[in-house]
Amino acid sequence: MSAMTEQEIVELSKKHTLFSWSATGKVNPLPVTDARGVWLHGPNGQKWLDFNSQLMSVNIGHSHPKVVAKMKAACDKLLFVYPGAATEVRARFSQKLATLFPGDLNTFFFTLGGAEANENAVRAARLFTGRQKILSRYRSYHGATGNAIQLTGDPRRWPNEPGGPGFVKVMDPTPWDYSFGANDEQIVENNLRYLDEVIRFEGPNTIAAMFIESVTGTNGILIPPKGYLKKLKALLDSYGILLVCDEVMAGWGRTGKLFGFEHGDIVPDMVTTAKGLTSSYVPLGLVAVSDRIAAHFQNNVFWGGLTYNAHPFCLEVAEAVVDTLLEEKMVEHAAKLEPVMRAHHERLKAKHRSVRTYRNIGLFGLIELQKNAKGERLVPYNGAHPVMGKIGDFFRNNGLFTMIQGGTIFSNPPLCITEAELATGFEIVDRALSLADEVFEG
Ligand SMILES: Cc1ncc(COP(=O)(O)O)c(C=O)c1O
């Protein structure tokens, strides 16, 4: 039992803290006192299955006992030293990361999270190339800090504008209203021809880098069409533009491979990541840079820093988490459960007329709802529908935690989930979909 009542926990949190992306007075936060494995626990004995790994980030599951033991041991070691110092864990873990990242991604700059990783990747790209502009895509989220929110394509950017100049948005390979039935090859060709024009109109030698989410996350689990990543990399290379893959959400096994870009058989110039790096137990992110970028910063100043850069305790935790992820073969497990999740999605589509489509790669998935038989989305871009609130309440009252975004329901459980637990989650989703069926217009 917790020392406070549920009401005290909620009321004091709302009174003395601000909640992100919300008007604090209107939030109804989930009161959580403990979390183990794939389960969240509330102060009154409530239990919710975590079907979203919180923010697609608790990849190894909550409070993994092996990691908790190593964290306790790490408390007796060096807790902090300024980032100008060299430490054993910094040496050991970065060497290990160099073996885990493919190709020549052998050098790392540590941050406190994903947005800061992207900030520092923007900085590194500009310093390395001597160019200013940055390309990114509309259906993307790259973080909430100054430059990261300008990289972001989705509506969270709008109230944060104007930002600094030089951030150019381009279309995604699969646009929102894409409906003329082209195959992957045509989609890629079409998109890259358009991108090529944008690059020429913007001035190729003014563009430092393009940022992409290797597999787009909150903007709708968008899996790159076949051949896209390889051809995109080749196009950018031809102009000397760096490719930065944002693996903050897609990384660390979520897609059934350690990194999402590995599905496209490329090695980016830089990778940013966070979240699953520590399973969110402590804040940590990083930028991985290729050898030629690292070589540049051997002789040229990297004009960036953070008090908590290469924080020794956070690095100890990351090392324990990554070791556990690999030792317990959770990446392979996510790949193995990919068809199991797809079968659940298929079954729900067959059963519920409100299901428009579904997709997943590894344990990164969602179901999209429709309002009529023409396949019109239940919720337009950046819109809302009252039934989605009812579905959210249903989940909360029936033991499921997951993310609902517009007219989509996410399924992104921790990578340690069992098939039985996955079935439990989809059984609750199944019942909730009856609410969406009731508003289906036919
Ligand atoms: C793809 C992506 N990039 C960056 C971020 C920002 O990470 P953070 O919230 O740790 O700053 C997120 C967070 O959701 C993300 O999903």
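Me: Into which domains is the protein divided, and how far apart do the C-alpha centres of domain 1 and domain 2 lie?
Reply: In this predicted model, the protein is divided into domain 1, made of residues 32-60 + 329-438, and domain 2, made of residues 67-327. The C-alpha centres of domain 1 and domain 2 are separated by 26 Å.

Me: Which element gives the most to the side of domain 1 that touches domain 2?
Reply: The contact between the domains involves 25 residues of domain 1 and 24 residues of domain 2. On the domain 1 side, the elements that give two or more residues are helix 2 (53-56), helix 11 (330-351), strand 11 (355-361) and strand 12 (364-369). By class, this side of domain 1 has 14 nonpolar, nine polar and two charged residues. The element that gives the most, with five residues, is helix 11.

Me: Which strands stand at the edges of the open sheet of four strands, and why is one side of each left without a neighbour?
Reply: The open sheet has mixed pairing and the strand order 1-2-3-13. Each edge strand has a single partner strand, so one of its sides has no neighbour in the sheet; these edge strands are strand 1 (34-36) and strand 13.

Me: What is the bridge partner of Arg36 in strand 2?
Reply: Strand 1 and strand 2 run antiparallel and are joined by three bridges. Within this sheet, the residue of strand 2 that is the bridge partner of Arg36 is Trp39.

Me: Which residue in the turn between strand 2 and strand 3 has a positive phi?
Reply: Strand 2 (residues 39-41) and strand 3 (residues 47-50) run antiparallel, joined by three bridges, and Leu40 stands opposite Trp48 of strand 3. The two strands form a hairpin with five residues between them. The turn residue with a positive phi, of about 80°, is Gly45.

Me: Do strand 3 and strand 13 run parallel or antiparallel?
Reply: Two bridges join strand 3 to strand 13 (residues 400-401). Here Asp50 stands opposite Phe401 of strand 13. The direction of this pair is parallel.

Me: Which residues does Ala125 touch, not counting residues up to four places away in sequence?
Reply: With the residues up to four places away left out, Ala125 touches Ile134, Ala208, Ala209, Leu242 and Val244.

Me: Is Val429 buried or exposed?
Reply: Val429 lies in helix 13 (residues 419-438). Beyond its neighbours within four places in sequence, Val429 is in contact with Leu348 and Ile409. A residue counts as buried if 20 or more other C-beta atoms lie within 10 Å of its own. Val429 has 22 such atoms within 10 Å, so Val429 is buried.

Me: Which residues come nearest to the ligand?
Reply: By class, the shell around the ligand has six nonpolar, seven polar and two charged residues. Helix 5 (residues 114-129) gives the most to this shell, with three residues. Of the 15 residues around the ligand, those that come nearest are Gly113, Gly114, Ala115, Gly143 and Val248.

Terms used:
Residues numbered from 1 in each chain as written. Predicted model: local features only at pLDDT ≥ 70, side-chain atom pairs only at ≥ 80, totals over all residues. Near = placed C-beta within 6 Å. Nonpolar A, V, L, I, M, F, W, Y, C, P; charged D, E, K, R; others polar. Pairing = 2+ DSSP bridges. Contact = placed C-beta atoms within 7 Å. Domains from an automatic or database assignment. Buried ≥ 20, exposed ≤ 12 C-beta atoms within 10 Å, placed from the backbone.
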